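Reader: Can we go through this one side chain by side chain? I'd like the surroundings of a few residues, then the rings.

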Amino acid sequence: MLLLRAVVGRRLPPLTQLRRGSSRFAAGAAAGGGRRGAAPVLAALLGLGAVLAYGERRRRSAQTAQATPAPRYPVYTREEVRRHRSPGDRVWVTHGTEVFDVTDFVELHPGGADKVLLAAGGALEPFWALYAVHSQPHVLELLREYKVGELSPEEAPPSPDAAQDPFAGDPPRHPGMRVNSLKPFNAEPPAELLTESFLTPNELFFTRNHLPVPAVDPRSYRLRVEGPGGRALSLSLPELRSRFPKHEVTATLQCAGNRRAEMSRVRPVKGLPWDIGAISTARWGGARLRDVLLHAGFGERRDGEWHVCFEGLDEDVGGAPYGASIPYGRAVSPDADVLLAYEMNGEELPRDHGFPVRVVVPGVVGARSVKWLRRVAVSPAESPSHWQQNDYKGFCPSVDWDTVDYRTAPAIQELPVQSAITQPRPGAAVPPGELAVKGYAWSGGGRRVVRVDVSLDGGRTWRAAELAGERPAPGRAWAWVLWELRAPVAAGAELEIVCKAVDASYNVQPDTVGPIWNLRGVLSNAWHRVRVTVAR
């Protein structure tokens with residue numbers, strides 16, 4: 001999303017440095033510099049380098065603004081605008097009734113020139129509609145630095161189809177969800193409801209969408225399976241159901257950005273401000289990916305580092321789909337329980353959660369469980385997708401957007417041990433007597449949570465909570481545990497409630513956020529802290 005105009009405490013560098021910095025940012029944010037793999041979401045948004053460059057230009061022009069009369073702009077027809085579609089002819093775009101020459105911005109664009117050129121000679125609205133962050137006053141203010149004219153009053157407005165909201169076909173959502181972004185839709189259930197039941201109701205399962213929800217006709221749906229060393233398959237939904245045994249697994253999915261809001265209190269990070277609810281648990285049903293790959297002739301083992309890549313039916317404006325990959329060994333492991341799921345809690349998948357088929361990779365970051373699955377490809381390389389190459393990676397706290405190199409970090413797969421307090425909520429006033437503290441705990445890679453420690457005094461003294469959940473096979477603890485601690489509290493007390501989980505490998509959560517801070521705000525799993533007062 002649109003980054004802050006300035007980083008707190010940093011002075012603005014010269015404009016020439018900003019241009020070089022924005023190019024570095026584009027290289028880091030785009031998938032390996034490739035146009036097809038360029039960061040589909042970041043590519044459609046204004047980045048930090050561009051915003052700072054605009055700010056420099058605005059400050060210079062502001063010095064003479066009061067002495068300069070308002071300009072009178074020439075009037076153009078849409079046909080005249082359409083003639084300016086390349087840097088050689090200048091790149092013009094329209095927004096509303098205004099005309100802009102953005103040629104000088106093309107190379108500044110952090111996602112690459114190709115994304116800007118999608119709108120060349122036409123209206124910005126169809127492209128900006130895909131990312132609602134554009135429709136903000138400061139973005140329009142920056143754009144107007146490039147204004148060169150007005151559309152003729154006699155010009156017919158663009159056809160309704162040209163500016164159609166790509167999110168208009170999204171499904172309805174539960175009104176209780178706490179929305180972090182509307183377009184694309186990203187929301188989490190209220191923390192108070194997270195631990196009301198072991199399985200999260202479908203309508204309250206957290207939703208992480210990167211793009212508009214595709215409308216898929218199950219009658220014409222086909223899943224392609226392909227790659228070297230096997231035969232290509234094209235499976236309909238009935239074939240997927242009938243040819244392969246149905247397998248069920250209870251698994252928790254967690255977004256890499258869960259609890260990002262806590263990291264942003266240390267230093268600003270880029271990403272949606274998830275609280276503790278970007279995690280949910282369901283009983284998934286479908287065909288095992290292993291069974292499908294073996295049916296296609298792919299073997300149990302492969303020499304070297306092979307991967308299984310997934311593509312979804314959700315696409316950006318340039319036609320690039322959401323994609324991700326997992327190691328081949330996990331995909332074919334009989335103990336990994338990777339599914340091509342078509343059921344969720346005994347019902348067909350809801351549209352927000354991947355109807356008609358999605359991948360479910362237990363024990364792994366939710367970003368790899370690709371929804372609306374259209375293609376499975378065995379490959380000697382990881383997915384080239386932006387979300388595999390240039391997102392969902394962790395870095396040292398000293399790395400910032402000027403120095404980040406996504407090639408130096410592995411893609412997140414298994415997540416670290418995690419826990420959070422869902423009851424009571426921060427700032428609550430609780431009655432004296434017995435206090436019930438509740439929450440969830442989970443660890444990646446199938447590692448069972450063996451203990452949750454809870455403190456009511458900020459970590460000075462601890463008690464072990466009671467755990468509730470399934471009894472999984474060793475190494476296959478795919479689902480969270482719910483925990484509870486009951487303890488007496490005195491009237492008028494100020495409590496700092498803290499929880500930390502320990503998994504079967506004796507991994508434990510770090511005590512503070514600072515040492516694990518990273519510019520993307522992922523892997524946030526420090527002790528969770530909630531402050532409450534006890535009524536008198």
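**Packing and ring pairs**

Author: Setting aside neighbours within four places in sequence, Trp 480 is in contact with Leu 194, Ser 197, Phe 198, Thr 200, Thr 252, Ile 279, Ser 280, Thr 281, Tyr 440, Ala 441 and Trp 442. Keep in mind that this is a predicted model.

Reader: Where does Trp 480 lie?

Author: Trp 480 is in the loop between strand S24 (466-468) and strand S25 (481-489).

Reader: Buried or exposed, that Trp 480?

Author: Trp 480 is buried, and its relative accessible area is 0%.

Reader: Which side chain does Trp 480 make a polar contact with?

Author: The side chain of Thr 281, with a polar contact of 3.2 Å to the side chain of Trp 480.

Reader: And how far apart are the C-alpha atoms of Trp 480 and Ile 279?

Author: They are separated by 9.5 Å, while the two residues are 201 residues apart along the chain.

Reader: Rings next. How many aromatic pairs does the structure hold?

Author: Eight aromatic pairs. One of them is Phe 395 with Tyr 406, an edge-to-face pair with 5.2 Å centre to centre and 85° between the planes.

Reader: Which parts does the pair of Phe 395 and Tyr 406 tie together?

Author: Both residues lie in the loop between helix H12 (386-389) and strand S19 (418-423), so the pair ties together parts that are eleven residues apart in sequence.

Reader: Are Phe 395 and Tyr 406 buried or exposed?

Author: Phe 395 is buried at 12% relative accessible area. Tyr 406 counts as buried too, at 2%.

Reader: What about the rings of Tyr 440 and Trp 480, how are they arranged?

Author: Their centres are 5.6 Å apart and their planes are at 25°, so the pair is stacked. Tyr 440 lies in strand S21 and Trp 480 in the loop between S24 and S25, so this pair ties together parts that are 40 residues apart in sequence. Tyr 440 counts as buried, with 0% relative accessibility.

Reader: Which residues do ring pairs link into a cluster?

Author: Phe 205, Phe 206, Trp 274 and Trp 284.

Reader: Which charged end sits over the ring of Trp 517?

Author: That of Arg 267, which is 3.6 Å from the centre of the Trp 517 ring. Arg 302 lies over the face of Trp 306, at 4.5 Å from the ring centre.

Reader: Change of topic. Where is the place of Ser 443?

Author: Ser 443 is in the loop between strand S21 (433-442) and strand S22 (449-455). Ser 443 is buried, at a relative accessible area of 1%.

Reader: What is Ser 443 in contact with?

Author: Apart from neighbours within four places in sequence, Ser 443 is in contact with Leu 415, Pro 416, Val 417, Val 449, Ala 477 and Asp 503. With Asp 503 there is a polar contact between the side chains, at 2.8 Å.

Reader: Last topic, cysteines. How many disulfides?

Author: The count comes to zero disulfides.

Terms used: Residues are numbered from 1 along each chain as its sequence is written. This is a predicted model: local features need pLDDT of at least 70, side-chain atom pairs count only at pLDDT 80 or more; totals for chains, interfaces and linings use all residues. Side-chain values use heavy atoms; hydrogens and water are left out. Helices (H or I, at least four residues) and strands (E, at least two) are DSSP runs, numbered from the N terminus. Buried means under 20% relative accessible area, exposed over 50%, partly exposed in between (1.4 Å probe, protein chains only). A polar contact is a pair of N or O atoms within 3.5 Å; within protein, one must be able to donate a hydrogen and the other to accept it, and residues adjacent in sequence count only if both atoms are side-chain atoms. Contact means heavy atoms within 4.5 Å. A disulfide is a pair of cysteine sulfur atoms within 2.5 Å. Rings of Phe, Tyr and Trp (its six-membered ring) pair if their centres lie within 6.5 Å; planes under 30 degrees apart count as stacked, over 60 as edge-to-face and the rest as tilted. A charge sits over a ring if NZ of Lys or CZ of Arg is within 6 Å of the ring centre and within 35 degrees of the ring normal.
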